[in-house]
Amino acid sequence: MSLVINIDDIPDDGEYVFDLVEKQGHFKVDPEEGVLKEDLHVEGSLSKVGREVLLKGSISTEMEMTCSRCLEPLRYKVRSKVLSRYVPGQEADSLDLDVELQASDIEVEYYTGERIDLTQAVYDQMMLSLPLSRLCKEDCQGICSQCGINRNKKNCQCSDGDSVDPRLAVLKTLKDKLE
Ligand SMILES: [Zn+2]
Ligand SMILES: [Zn+2]
């Protein structure tokens with residue numbers, strides 16, 4: 001299985017409707033971003049506009065990422081639209097001007113030969129759809145910078161930062177003396 005479609009399958013006047021599944025292990029994701037936890041579904045349509053092919057699709061899968069505060073894994077459901085124009089590679093130079101004028105919100109990809117590979121467009125769109133702030137929950141307490149404990153699971157006695165309450169410091173010294 002792969003996200004490749006034969007251009008011959010696309011009718012000259014109409015749409016080629018597809019529904020593809022890529023096994024989670026077959027779709028490479030930058031490990032810095034996360035790992036797929038579900039197969040990747042891409043459905044949509046391809047249509048021809050002269051020598052160009054227009055992709056309109058939607059992507060769904062689930063990713064496991066890392067909470068940026070506590071470093072615990074978190075699941076994120078990817079639901080994204082993908083829009084892309086495929087321009088024949090050998091004609092790309094002559095189309096540059098045209099591409100720039102129209103590329104405002106549609107990604108432009110190049111194809112060579114008689115097949116269109118949706119992988120790059122799907123991957124780019126997936127990455128764009130990931131949230132900027134990756135938190136396991138809105139009020140994640142993160143990891144204590146002093147003892148390293150996950151504050152969502154346990155409380156620790158460390159104070160925040162370097163600001164030790166002077167009154168507590170005095171009490172502690174007294175207590176130490178008495179013992
Ligand atoms: Zn967290
Ligand atoms: Zn602590």
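Biologist: Which residues does Val122 touch, not counting residues up to four places away in sequence?
Modeller: This is a predicted model, and contact here requires C-beta atoms within 7 Å. Leaving out residues up to four places away in sequence, Val122 touches Leu3, Val42, Ile59 and Val82.

Biologist: Which residues touch the most other members of the largest nonpolar core?
Modeller: The core holds 18 residues. Strand 4, strand 5, strand 6 (73-88) and helix 2 (119-129) each give two or more residues to this core. The residues that touch the most other members are Val42, Leu55, Leu118 and Val122.

Biologist: Which element gives the most to this core?
Modeller: Strand 5 is among the elements that give two or more residues to this core. Its contribution is 4 residues, and the element that gives the most is strand 5.

Biologist: Why do the buried residues of helix 2 line one face of the helix?
Modeller: The buried residues in helix 2 are Ala121, Val122, Gln125 and Met126. An α-helix has 3.6 residues a turn, so residues three or four places apart point the same way. Seen down the axis of helix 2, the buried residues line one face because they fall within an arc of 130 degrees.

Biologist: Which strands do those buried residues pack against?
Modeller: Helix 2 buries Ala121, Val122, Gln125 and Met126. These buried residues of helix 2 pack against strand 4, strand 5, strand 6 and strand 7 (107-111).

Biologist: How many bridges join strand 5 to strand 6?
Modeller: The two strands form a hairpin with 6 residues between the strands, and Leu71 takes a positive phi near 65 degrees. Met63 has Tyr76 in strand 6 as its bridge partner. Strand 5 and strand 6 run antiparallel, and the number of bridges joining them is 14.

Biologist: Which residue in the turn between strand 4 and strand 5 has a positive phi?
Modeller: Strand 4 and strand 5 run antiparallel and are joined by 9 bridges. Glu43 stands opposite Ser58 in strand 5. The hairpin has 2 residues between the strands, and the turn residue with a positive phi of about 65 degrees is Gly50.

Biologist: Is Arg51 buried, exposed or partly exposed?
Modeller: Arg51 is in the loop between strand 4 (40-49) and strand 5 (52-66). A residue is buried at 20 or more C-beta neighbours and exposed at 12 or fewer. With 13 C-beta neighbours inside 10 Å, Arg51 counts as partly exposed.

Biologist: Is Asp13 buried or exposed?
Modeller: Asp13 is found in the loop between strand 1 (4-6) and strand 2 (15-22). Because Asp13 has 6 other C-beta atoms within 10 Å, Asp13 is exposed.

Notes: Residues are numbered from 1 along each chain as its sequence is written. Chains are lettered from A and ligands numbered from 1 in the order in which they are written. This is a predicted model: local features need pLDDT of at least 70, side-chain atom pairs count only at pLDDT 80 or more; totals for chains, interfaces and linings use all residues. A nonpolar core is a set of buried Ala, Val, Leu, Ile, Met, Phe, Trp, Tyr and Cys residues joined through C-beta atoms within 7 Å. Two residues are in contact if their C-beta atoms, placed from the backbone, lie within 7 Å. The arc is that of the directions from the helix axis to the C-beta atoms. Two strands pair if DSSP finds at least two bridges between them.
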